[in-house]
Amino acid sequence: VLNNKAPFNLNSKNIRIDQQANNFGIGGNEKIWSQLASFIDQEEWKFYSNKYNIELEYDELLELEKKAQLYGFCDLKTLKSSPEREPNSLTKFKKYVKRKGLYCYSDLIKNRGNISIVECKIRQVDIENSHNRIQIIDSNNNELKIKFKKMVLASGGIGNYYFVNKFLNKYIKVKNEGEIKLHSKFYLGYYSADDKNKLNQMFGWKSANGLNYFYGIVNRPDDISGNYNEDMYQFLPVRWFENTHYLYIKTVLWHKTFKELVELFKDLYSTYKLKIFYSPTLLKIVKSVIFGLPSIFIFIISKVLKIKWKSSKYLLLYHHSNTGTIFYNKLSDSVWIDSNIESHDIHKIKEKLEKKLIGSGLVNIKEFSNFNIQDANHFNGALACNIDRSMSEVFSGSLDYNNTIFSVGTSNIPFSTNINPTFLAICSAFLTIDRVTK
């Protein structure tokens, strides 16, 4: 596997991607996944399997999902059927799979006696006449040549794309400028609510990652957008003393157990070593703690005095499934990603959304003038959409016609999701395992 730190330059346009926060080692961002992952229902899978010609029946997908439970996800039997909603409700119920606890792919692999992990820099890959070799420089600066029968790429949604372009381009045909399926998110502004009971009727109420929030779905299941997994919006309740720094601390740290916090900082240390104090993630946490101190202090006092403050406003966070552009620049050895989202596109989204909100009792009190478009580390389809292979073959991990090169991860999924796609990526990986072991 590649070293944990980013092995190449990652440049982005119209979206903020934190290169240092992405782990290109095995398992991707394995220790800091969200507690929730998306569960695809039968109607949704029918839409995608037909659109992308994925040869996998829904019953077969359910069997794969049962296997995925071994990796920390809840039993699918716990997913209850959707309750009835108001006819005018803006909520479409969607099922989410919750993970039961912390788990780590590389730890599982390290416990396998027949597998060894070598962190290295890769110099060259040769696949000729069944004499497959990879030339590497290991962590001790030794140059090694390793023979292999089959290779499985496991470097994340972007890392796999980079690897194929840099080392396997003459074996696997890749588009010069291709598609990548993104999950972008951005804050649209603050809203006030006249009637909380009306909000309960119009929206769903969820609790996840340390926050309780109202949420809704913007319906877009059509062939033009290419997305069945609709855009989602969240109204995060904000009390008078809470600022955005406080909310960041609340979502990133407060819902985690002590063990998960330890693992988070261990993961940061393994990536940055002594440079951890300058890492973007830790700097953001420290900055949020400093600027969120007044809010934290008032919260503690309120807890001690048993004061219950009502939410006076709601911060609107919008999750957008969209198709971006990705390409590899050989001269600079870099990957470029463009979300293809402009500021005027966001204003159109906001206008359409506010039309839906008429009658819900929500009033805009502050619109953000500058929209900070962020990625959600859900980079899908970088291989599925861009190599000369059927999407059904790539979804099951096969990248070449000789069945020598395989991949696992979100690069195999040809559509975007507005919630964590880890669960589906694991299901796809089981198909890859079957093909590798044939």
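A: Rings of Phe, Tyr and Trp (its six-membered ring) pair if their centres lie within 6.5 Å, and planes under 30 degrees apart count as stacked, over 60 as edge-to-face and the rest as tilted. This is a predicted model, where local features need pLDDT of at least 70 and side-chain atom pairs count only at pLDDT 80 or more, while totals for chains, interfaces and linings use all residues. Residues are numbered from 1 along each chain as its sequence is written, and side-chain values use heavy atoms, with hydrogens and water left out.

Q: Which residues do ring pairs link into a cluster?
A: The cluster consists of W240, F241, Y246, F299 and W309, linked by ring pairs.

Q: How many aromatic pairs does the whole structure have?
A: A search of the whole structure gives 16. One of them, W240 with F241, is edge-to-face, at 5.6 Å centre to centre and 80° between the planes.

Q: And F241, buried or exposed?
A: F241 counts as buried because its relative accessible area is 7%, where buried means under 20%, exposed over 50% and partly exposed in between (1.4 Å probe, protein chains only).

Q: What about Y246 and F299?
A: Those two form a tilted pair, 6.3 Å centre to centre with 55° between the planes. Y246 is buried, since its relative accessibility is 1%.

Q: Switching to W309, how accessible is that residue?
A: W309 is partly exposed because its relative accessibility is 34%.
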